[in-house]
Structures are given as structure tokens and as C-alpha cells.
Amino acid sequence: MDDLLEVDPQVPPKLLCILHDEFKDPSGWSLAQNSNFLKGVKWSPDGVCYLTAADDNCLRIYDIPPSLGSSVAILDDDENLDRSSNDPSQQQLHGDLYSPALRIKAGELIYDYAWYPWASAIDPATCCFAVTTRAHPVHLYDAVSGQLRCSYRPFNKLDEMEAAYSINFSPDGSKIFAGGRNSVIYIFDLNRPGRDHDTISTYSKNNENKSKSFGGQISGQPGIISCIACAKDITGLMAAGSYSGIAALYDYRTPTQQLAVLEGHTGGITHLKFSPCGTYLYTGARRDGLIYCWDARNMSGAMYQLQREVSTTNQRVYFDIEPCGRHLASGGEDGVLRFWDLRDGSEAGKFRVAESDTVNGCEFHPSLPVLATATGHRRFFDDEEENSSEEEEVEEPRDDTGVEDHGDRLETSSGGEDDTVKCVRSGEGQFSLNRDENALCLFRVGMRVVNLKDDDVLVGSAEAATTKNIQGS
């Protein structure tokens, strides 16, 4: 069996670049400065660019830095930064290394977005992505020009157009799935924009009445369909999560059939993802610190749980699985990114991305040892402090999470080296943030070669593999 290249969570990631200034001033929207938080980050399938959304209702596409494949752009600790140098990588503390290649202003609040699964820079016709916003149809945008290609309009039973709360593509790219408000999933043919669509009803009032009359549990998946995922290697298998805290499996080739209902979360499900092999499903919810692992072949209960810090936030906190399927990574409210070994669910490592901000997005590059993260959460002003004419500095103790500081972060205050985090609120109704807050970051992660035996499997095997460490630099 061939060797496997996987992430080594024990090797401290190296910071390649951090993009903060782009999100400091909202793009012409009525938001206060430094209140424009990010909403996840997603690599294009070919890995040449990445897409992110922000609270200013703007989608931004960044091209991959030309020096990403070398060690030139790797930022070590602050002491090694020459601030008088003309090298852009040495001036990271003074501004963003580069600007977005494309900005697209959505009409309203952005609910969800997804790349076309076969997008490739070699074929510009495939470079597109779908986005759904409040009170708008599902739009398909050109990722090269930023122009709107077409729209898909979901209509409910009352013949009223409604916005989708979640979207995703089928693995072959022929269909778009849109999660509706009233327990429904809309299925569009990519080649037929407009209002023509099939539907999957995830819940029925008749089933509820029948279940209650016989003293059984309510069957089905009620509520807003908040996230959708498809298994790449299993034809027709789709998973959907709802804000009722229930996930379900469907065969989208036969829309009337619901394969399984998965219950256990205490909050509304905000993200789910299949393992690369398609036999395991991972689900995460808001105000719920657990990620559940389910075996799609045996849905009697969750295999194990992964603990993360998202128990008090309503925002969508993404997680991702590395391409080989060995480790899962997720951020949290404490600014720490954690890795878990998916063979047994044990925590394999962690490192700090932001000092006092939420890591709401993370995604592995499809082919390079690079991890992209997004940070930010909604901040509210205090009227009394907002009307004050003097700056107020509030010192908070550093969060003691047992995470090592490897020197890969940028400084958290204006040159200070004390053990406190300074959160400054000015009298002009603005937040003064650190550079790692409301920011996009790229990290080079450590990799290792795993020599697998013929009988080794990625998930469920406790056998250790022979490894050879490869440093992150």
C-alpha cells in the first residue's frame, strides 16, 4: 500500500500571512469600523484561490500568494521581523500583504456559499460559486469576472419565492441543493436556472400526529435546513442539518426516501461534513460544544464525540477534515484551533490563532500543506462608553487554555510584552482590534509520511503507523 501524507499536529504551524486591514473598513455599508467579522473561508477545488464572506455582505476572492510554495513568506516570531525592509513579507505588521482579486457585494445578509466542485483555473467556464442571501434567490457568480451568471428561485407550497438558508452542489456538479425554511430541500438542475426544481420534504405534520397517537417519537427533520453535505464516493448520499438540532440522511435520487434521523445535539446544527471515504459523518451545532461522529452504515448512535469551545455562540463555526482523512480541525470561541485523530476521537494537538477572538472558519488546502483560518464575531457597543470622549482600556487576563505560544502570532498590543490582552474602545464608536481579530490567516502546517500496512484503516483502527516527521518550514 502506498505511503500517506498527513498533517502532523505536533509540529507548530508557521504563519504565512495575515489579512486584517481589508476588513477594518466595511465596503460602503453602515457598519462601525472594526466590527466587520468574517464568516468562514473556503478553498477553490483546484486550490488556486480562496473565498470568504463578511458581515458587510461582501464576498471576496483571494488568489494564492506566488511564494506560498516556498519558505520565503513564512513569518517567524516578531523578533525576526525587519520592519525597515522592503520585503512585503517583512512588513506584515504594517498592512495586508495583498488585496482581494475580486469583491462581490451581495444584496443582503449572506447565509451560505459554495464552490462548484469541478472549478478549475484551466477551464474558466467552471470557475463559479453559488451564494444564498436573505430575501434573494440562489445566485451563481463567475469567479473570474464577478458577474452574475444565473439565478435559481425556490418557491414554496404557497407559490411564494423564499430564500435558501444553505446551499451545496452534488459531487458531480449537476445539481444544486438549497435548504428551505419550512422543512424542505430544493433540488435544482444546474443547467436549468429559474424556478423549476424538485423538493425533498424533511418533515410532515401527518407523521407527527401518527407518532403521537401511537405514543412514539416524532419522525422526520423539522425546522430550517441550515447545512447540507454530500458523500463524494457514495452515489446519491446526502446529509442535511436543521436548526431543530436534528440531522438526517437522504438519497437525493429518490427524494421521497429518508434514510436515517440523527439526534443528540442540544443546539441547532450549523455544519456537517462527510469523511473522504463517505462512510462517516461529522456534525456540529451552535451553543453545543460537541462534534458527533456517525457511521453511515450503522446509525444506532454516535461513535464518539469531539469537544470544542462553542457552547455560548450562535454563529456558524466550521470544521474541516484533511484530504487524507486522518485528522479533523475546528476553531472555537477561545481563539484556539484544535486537531483530533479520527481513528479514536482523541485530541492530537492545538495552537492559538487569535488571542481574544472566535476562530469561525478553517479549511485545509486540497494539495498543499497550508491551512486557512477566519476569525471574528459580532461585537456590540455600550451606549455609555460610546458617548465617552476618552479612550478606555480594559485589561483582561489571558485565557489559560494550556496552549503553547510558539511565537507564530503577531503582537497583540502596541509593542507591549506583558501577560494581558488590551481591548481598547474609543469614543468615536469604534473597536480597536488586534491584527489577529477579524482576519484571514494562512498557516503552513507540519506534515509527515505514514507507512500504512495493508490492513490499516484511517478511522476506527487503534494501530499506530510508522511515521517520519516533516517540519512545517
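# Salt bridges, pocket and local geometry

Arg-103 and Glu-22 form a salt bridge in which the closest N and O atoms are 2.8 Å apart, the term meaning a side-chain nitrogen of Lys or Arg within 4 Å of a carboxyl oxygen of Asp or Glu. Because Arg-103 belongs to strand E6 (residues 102–105) and Glu-22 to the loop between strand E2 (14–19) and strand E3 (38–43), the pair ties together parts that are 81 residues apart in sequence. The model is predicted, so that local features need a pLDDT of at least 70 and side-chain atom pairs count only at pLDDT 80 or more, whereas totals for chains, interfaces and linings use all residues. Residues are numbered from 1 along each chain as its sequence is written, and side-chain values use heavy atoms, with hydrogens and water left out.

## The chain as a whole

The secondary structure comes to 2 helices and 34 strands, where helices (H or I, at least four residues) and strands (E, at least two) are DSSP runs numbered from the N terminus. Of the 473 residues in the chain, 56% are buried, that is, under 20% relative accessible area, with exposed meaning over 50% and partly exposed in between (1.4 Å probe, protein chains only). The chain exposes about 20,800 Å², of which carbon and sulfur atoms supply 45%; accessible areas come from the Shrake-Rupley method with a 1.4 Å probe, and for residues only the protein chains shown count as cover. Taking contacts, defined as heavy atoms within 4.5 Å, between residues at least 6 apart in sequence, 57% join residues at least 24 apart.

## Charged pairs

Side chains of opposite charge can pair when their charged atoms come close. The count of salt bridges comes to 25. In one of them, the side chains of Arg-448 and Glu-6 meet at 2.7 Å, N to O. Since Arg-448 lies in strand E33 (residues 447–451) and Glu-6 in strand E1 (residues 4–7), this pair ties together parts that are 442 residues apart in sequence. Both Arg-448 and Glu-6 are buried. A further salt bridge, between Asp-196 and Arg-192, has an N to O distance of 3.0 Å. Salt bridges that share partners join Glu-6, Asp-8, Arg-326, Asp-341, Arg-343 and Arg-448 into one network.

| Residue | Relative accessible area | Class |
|---|---|---|
| Arg-103 | 45% | partly exposed |
| Glu-22 | 13% | buried |
| Asp-196 | 44% | partly exposed |
| Arg-192 | 48% | partly exposed |
| Asp-320 | 5% | buried |
| Asn-57 | 9% | buried |
| Arg-287 | 45% | partly exposed |
| Tyr-304 | 13% | buried |

## The largest pocket and Asp-320

The largest pocket has a volume of about 1,100 Å³. Of the 42 residues that line it, the closest to its centre are Asn-168, Lys-232, Lys-273, Asp-320 and Glu-363. On a 1 Å grid over the protein atoms alone, a pocket is an open set of points with protein on both sides within 12 Å along at least five of seven lines, whereas a cavity is a set where a 1.4 Å probe fits but cannot get out; lining residues have an atom within 4 Å of a point. Grid points are joined across faces, edges and corners, and a volume is the space filled by probe spheres set on the points.

At least two lining residues each come from E3, strand E7 (110–115), strand E11 (166–169), strand E15 (225–230), strand E19 (269–274), E23 and strand E27 (359–364), with E19 giving the most, 5 residues. Asp-320 is placed in strand E23 (residues 319–321), and its side chain has a polar contact of 3.4 Å with that of Lys-273. A polar contact is a pair of N or O atoms within 3.5 Å; within protein, one must be able to donate a hydrogen and the other to accept it, and residues adjacent in sequence count only if both atoms are side-chain atoms. Leaving aside neighbours within four places in sequence, the contacts of Asp-320 include His-327, Cys-362 and Glu-363.

Most residues other than glycine have a negative phi. Asn-57, although not a glycine, has a positive phi of about 60 degrees and lies in the loop between strand E4 (49–54) and strand E5 (58–63). Arg-287, also not a glycine, has a positive phi of about 50 degrees and is found in the loop between strand E20 (280–285) and strand E21 (290–295).

Tyr-304 lies in strand E22 (residues 304–307), and a polar atom of the Tyr-304 side chain is 2.8 Å from the backbone oxygen of Leu-342.
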